[in-house]
Amino acid sequence: NCYEFNGSSDKVDIAGHSDFLSQSISISVWINPDTTSNGETIVGYGDQGENEAENFFWLLQFMNNGNVKLVWEKGSGTDVEIQSTADGQSGLWKAGLWNHLVVVRDGNKRKVHFYWNGVKVCDDSYSASDVPTGGTDGTLHIGRLFSSSSSYDGKMDELSIWNRALSNSEIQDAYNKGKNGTRTAGTSSNA
């Protein structure tokens with residue numbers, strides 16, 4: 001069974017853990033959003049505040065064009081943002097449809113990869129000066145950050161987070177298991 005977030009007050013907060021502070025991180029989740037409003041939080045790790053220990057080590061949110069972005073902070077809170085847009089694509093994430101999202105931040109290669117239903121749709125690099133810092137006082141936030149304006153509205157299932165970069169075959173395997181198990185990508189209900 002999936003979890004349904006109401007877009008205003010629903011959220012899950014989990015106490016911080018050092019595994020979430022890895023320079024390499026992979027996030028895999030099936031989502032079926034009711035809306036794809038700018039700033040809706042799927043999942044993030046960090047805390048509210050402006051000191052280094054409260055920096056967002058990573059944050060996955062919707063953008064106003066139907067894409068998603070991975071954001072993290074460095075130093076005293078400077079944002080680094082990588083968007084899922086590639087080759088003129090926009091609006092991959094449609095309201096009312098199940099889709100599988102995987103985001104990989106490979107700290108060794110300084111690359112971010114976005115996968116939509118098992119297919120890589122974006123590849124972007126970041127510089128050595130843009131590595132995430134801080135976050136030691138973080139909390140894992142699922143579905144919402146600190147206010148209702150950042151609340152996710154829709155269904156979410158099979159959220160998994162790894163402290164390493166997943167391989168293409170691992171991402172394809174996660175997609176196929178979900179697709180063949182409980183839902184079909186691009187449909188509005190569970191199979």
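Start with the surface of the protein chain. In this predicted model, the accessible surface comes to about 8,200 Å². Carbon and sulfur atoms account for 44% of that area.

Next, color the charges. The protein chain has 15 positive and 24 negative charges. Their mean positions lie 7 Å apart.

Now switch to cartoon. You will find 12 strands and 1 helix. Follow the sequence through the pattern β-β-β-β-β-β-β-β-β-β-β-β-α. The radius of gyration is 15 Å, close to the 16 Å given by the globule rule for 191 residues, so the protein chain is as compact as a globular protein of that length. Along the principal axes, the C-alpha trace spans about 45 × 35 × 30 Å.

Turn to the packing. Of the 191 residues in the protein chain, 48% are buried. Then look at contacts with a separation of 6 or more: residues 24 or more positions apart make up 68% of them.

Two residues deserve a stop for their backbone angles. Most residues other than glycine have a negative phi.

Select N117. Which loop holds N117? N117 sits between β9 (111-116) and β10 (119-125). Its phi is positive, near 50 degrees, and N117 is not a glycine. Is N117 buried or exposed? N117 counts as buried because its relative accessibility is 13%, and the cut-off for buried is under 20%.

Move on to E158. This residue belongs to strand β12 (residues 153-162). E158 also is not a glycine, yet its phi is positive, about 55 degrees. With 36% relative accessibility, E158 counts as partly exposed.

Technical notes: Residues are numbered from 1 along each chain as its sequence is written. This is a predicted model: local features need pLDDT of at least 70, side-chain atom pairs count only at pLDDT 80 or more; totals for chains, interfaces and linings use all residues. Side-chain values use heavy atoms; hydrogens and water are left out. Helices (H or I, at least four residues) and strands (E, at least two) are DSSP runs, numbered from the N terminus. The radius of gyration is taken over C-alpha atoms; the globule rule is 2.2 Å times the number of residues to the power 0.38. Buried means under 20% relative accessible area, exposed over 50%, partly exposed in between (1.4 Å probe, protein chains only). Contact means heavy atoms within 4.5 Å. Accessible areas come from the Shrake-Rupley method with a 1.4 Å probe; for residues, only the protein chains shown count as cover. Lys and Arg count as positive and Asp and Glu as negative; His and the chain ends are not counted. The place of a charge is taken as NZ of Lys, CZ of Arg, CG of Asp or CD of Glu.
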